[in-house]
Amino acid sequence: MTEVVHTPRVFSGIQPSGGLTLGNYLGAIKRFVDMQESGIETLYCMVDLHAITVWQDPADLRHNTRELAAGYIAAGLDPAKSILFNQSQVSAHAELGWIFNCVARMGWMKRMTQFKDKAGKNAENASLGLFGYPALMAADILIYHSTHVPVGEDQKQHLELTRDVAAKFNHDFGVDFFPMTEPVIEGAATRVMSLRDGSKKMSKSDPSDASRINMTDDAETIAKKIRKAKTDPDALPSEVKGLEDRPEARNLVNIFAALNDQSVDAVLSDVGGKQFSEFKPMLVDLAVEKLSPISTEMARLMNDPAEIDRILGDGSARARKIANPILEKTYDIVGMIRS
Ligand code: ATP
Ligand code: MG
């Protein structure tokens, strides 16, 4: 079989499951903007069907979807350059997701650490959707034949599963149809940790607001959270290896580097030897400088929800134009009659 070469296309998504965090910004949105500027076709989604794998109040979901769209745009995504839309308006995601439920294996799903983390001790009571989440995520990506997916480190396992789904589909049907998508996990902060616990990922669904910086936090709140962030009593090292076994220190240095578009080495050569009492105020100033223009713009955009809905409607129509022919072809490969 001759190998099909797929045109480069970037897809990624974020759940409207709460406010955006600094982790989402540094691990995902900032990378989304870089890829938009690289000139490749880019599609960025608000994955509302994923959000409801855990309970969402309907009014909050609507608000959070618009706020996420505002966050995308405020951070530099341009609806004229990137296709911005919410997942439920493009039904091909759910349709391909069903087909992938029949391709993916129970054993694959059982190995997913996100399910284990989110379901916790009460897995029997988790929704079936939370368990099947990675099959829908594979569909989100592959319905566009996406070649590159910028994500944070925590999504690496789901990207591997996406490749497994594509390979099994191609093999089972004897086709070379779905591409082997590459994860793009880049930057100094691919895994931003909780400010309260250096072993836990910063998450928008963490019950503790002090654990994260929200994109909508004002300067005073950002300053308070960073001042209270857990650290250790030692001074900062001058080299990266000095951050080993110091997860909280490493986290704050990584955040500084990512916000300032610097390498961790470059940051440490400037701040090595400083105490946290000196470094934390530097981080506060940098975080406020970088985040406050974004939060101000988000608030401005949120004053006109009809305009946000219009942008999502327009993006969805453009996304459907790419997705629907791929869905039709998939149905044909599988053997469905589409008269
Ligand atoms: P939830 O707690 O509801 O899962 P989340 O903060 O993990 O929310 P997601 O919508 O699951 O956000 O993820 C959106 C994107 O943000 C993904 O690419 C994910 O890898 C990235 N991301 C999430 N948290 C972090 C983090 N702490 N550091 C870096 N990237 C992150
Ligand atoms: Mg998550």
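Biologist: Where does helix H1 bend, and by how much?

Modeller: A bend at a residue is the angle between axes fitted to the seven residues ending there and the seven starting there. In H1 the bend is about 30°, at Ala 28. This is a predicted model, in which local features need pLDDT of at least 70 and side-chain atom pairs pLDDT 80 or more, while totals for chains, interfaces and linings use all residues. Residues are numbered from 1 along each chain as its sequence is written, chains are lettered from A and ligands numbered from 1 in the order written, and side-chain values use heavy atoms without hydrogens or water.

Biologist: What span does H1 reach, and what is expected?

Modeller: Helices are DSSP runs (H or I, at least four residues), as are strands (E, at least two), numbered from the N terminus. The expected span is 1.5 Å times one less than the number of residues. H1 covers residues 22-37, 16 residues, and reaches 21 Å from first C-alpha to last, close to the expected 22 Å. After H1 comes Gly 39, with a positive phi near 90°.

Biologist: How many residues of H1 are buried?

Modeller: Buried means under 20% relative accessible area, exposed over 50%, partly exposed in between (1.4 Å probe, protein chains only). In H1, 14 of the 16 residues are buried, so that by this definition the helix is mostly covered.

Biologist: What is the volume of the largest pocket, and which residues lie nearest its centre?

Modeller: On a 1 Å grid over the protein atoms alone, a pocket is an open set of points with protein on both sides within 12 Å along at least five of seven lines; a cavity is a set where a 1.4 Å probe fits but cannot get out; lining residues have an atom within 4 Å of a point. Points join across faces, edges and corners, and volume is the space filled by probe spheres set on them. The largest pocket holds about 1100 Å³. It has 43 lining residues, with Gln 114, Asp 154, Gln 155, Lys 201 and Ser 203 nearest the centre. H1 is among the elements that give two or more residues to this lining.

Biologist: Which element gives the most to the lining of the second largest pocket?

Modeller: H7, with five residues. That pocket has a volume of about 240 Å³.

Biologist: How many cavities are there?

Modeller: Two of 30 Å³ or more. The largest cavity holds about 40 Å³, and helix H3 (residues 58-74) supplies the largest share of its lining, three residues.
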